[in-house]
Amino acid sequence: MKVVSVINYKGGVGKTTITANLASEMAHRGKKVLVIDLDPQTNLTFSYIKVEKWSSDYEKNRTIKYWFDSIIDGTRPIPTFRELIVKKSGVDLICSHLGLIDVDIELAAGLSAGTERQHRNNFIKTYSYIKNELVKLEQEYDIVLFDCPPNFSIVTKNALIASDYYIVPAKMDYLSTLGINQLKNHVDSLVKQFNNYLKDNNKNITPIFLGVVATMVSVRNNKPISAQQTYIQQLRRNKINIFDSMIRENKTLYADAPEYGIPVVCQNVSSGSTYEQVILELKNLTTEFMGKVGI
Ligand SMILES: Nc1ncnc2c1ncn2[C@@H]1O[C@H](COP(=O)(O)OP(=O)(O)O)[C@@H](O)[C@H]1O
Ligand SMILES: [Mg+2]
């Protein structure tokens, strides 16, 4: 089982879109896929499930928030991830919840107290919740994807600590490229601190940065417009890995997708050059991703 976080501090850069399409395409290719929506905005959840269905069947006790709440409260049995999973068109999903934002505040309270040793132990415990739970699913999935919120919260850090790899969908503009360095540095510090506190080299974690996925690329004559090429080259110069496969901007295709609950890559499109190219990009990205992850 390989575990991958999809992360960027910025919202609206295509994290959820990339996650859903990778997940569905890998499932289509016969892989056992689990996606976990960690964003309180719940976009990934609602790209698979209708809001009404989520409210009636899942909101109360079948979301990642319910799981965290059970840990924090300690007054009811903690569900296993298996009990939370919802099966949707070949993909297994753990739903998010708008109230997930409060979970972070609760978890932070648990981190602050005590002596240095208590702090160290709390740190390891609080950031390992997801990692420790996922171990139980080791035999059941080829790949687990986390759709992370646009921040570096305790929930996001839980995902990274549990991950073998992470990818960073990003737009190719000035601020986005700046943000990627910062994000990588923050992940490096987190990993260093975690391993330092563990004091057991055999258990060290090493989430590997797989690369930036350039999204919403403006394409002209089948290549990124020159302004964006500059940023792509700048990333390469700074030795930041970037996937060869890039995802072009296509408002019509991508904007409609979540409403129908079907990721673009699964849609039955009538032939037409743009449609086919968009789908091909997503398939190429999936192939490249699977190669890098080794599944
Ligand atoms: N390649 C694309 N071209 C055009 N619109 C896109 C593309 N990818 C995503 N979108 C749209 O942009 C918005 C933000 O994408 P989303 O995946 O939700 O970003 P994030 O998860 O990073 O906040 C959504 O409305 C989505 O449909
Ligand atoms: Mg999102």
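Colleague: Hi! Which loop is N222 found in?

Modeller: N222 is found in the loop between β8 and β9 (223–224). Strands here are DSSP runs of E with at least two residues, helices are runs of H or I with at least four, and both are numbered from the N terminus.

Colleague: Thanks. Before I go on, what sort of model is this?

Modeller: This is a predicted model, where local features need pLDDT of at least 70, side-chain atom pairs count only at pLDDT 80 or more, and totals for chains, interfaces and linings use all residues. Residues are numbered from 1 along each chain as its sequence is written, chains are lettered from A and ligands numbered from 1 in the order in which they are written, and side-chain values use heavy atoms, with hydrogens and water left out.

Colleague: Good. What about the phi of N222?

Modeller: N222 has a positive phi of about 65 degrees, although N222 is not a glycine. N222 is also exposed, with a relative accessible area of 57%. Exposed means over 50%, buried under 20%, and partly exposed in between, with a 1.4 Å probe and protein chains only.

Colleague: Which other residue has a positive phi although it is not a glycine?

Modeller: M216 has one, at about 50 degrees. M216 lies in the loop between β7 (208–214) and β8 (219–220), and at 27% relative accessibility M216 counts as partly exposed.

Colleague: On to the ligand. How many residues surround ligand 1?

Modeller: 15 residues do, and the closest are G12, T16, T17, R248 and N250. To be near the ligand, a residue needs a heavy atom within 4 Å of it. By class, the shell has five nonpolar, six polar and four charged residues. Nonpolar covers Ala, Val, Leu, Ile, Met, Phe, Trp, Tyr, Cys and Pro, charged covers Asp, Glu, Lys and Arg, and the others, Gly among them, are polar.

Colleague: Which helices each supply at least two residues of that shell?

Modeller: α1 (15–28) and α12 (251–260) do.

Colleague: New topic: where is Y9?

Modeller: Y9 is in the loop between β1 (2–6) and α1. At 21% relative accessibility, Y9 counts as partly exposed. The side chain of Y9 makes a polar contact with the side chain of H186 (2.5 Å). A polar contact is a pair of N or O atoms within 3.5 Å; within protein, one must be able to donate a hydrogen and the other to accept it, and residues adjacent in sequence count only if both atoms are side-chain atoms.

Colleague: How far apart are Y9 and P149?

Modeller: They are 140 residues apart in sequence and 7.6 Å apart in space, C-alpha to C-alpha.

Colleague: Last one: is D69 buried or exposed?

Modeller: D69 counts as buried, at 18% relative accessibility. D69 lies in helix α4 (residues 64–73). Leaving aside neighbours within four places in sequence, D69 is in contact with G74, R76 and V103, where contact means heavy atoms within 4.5 Å.
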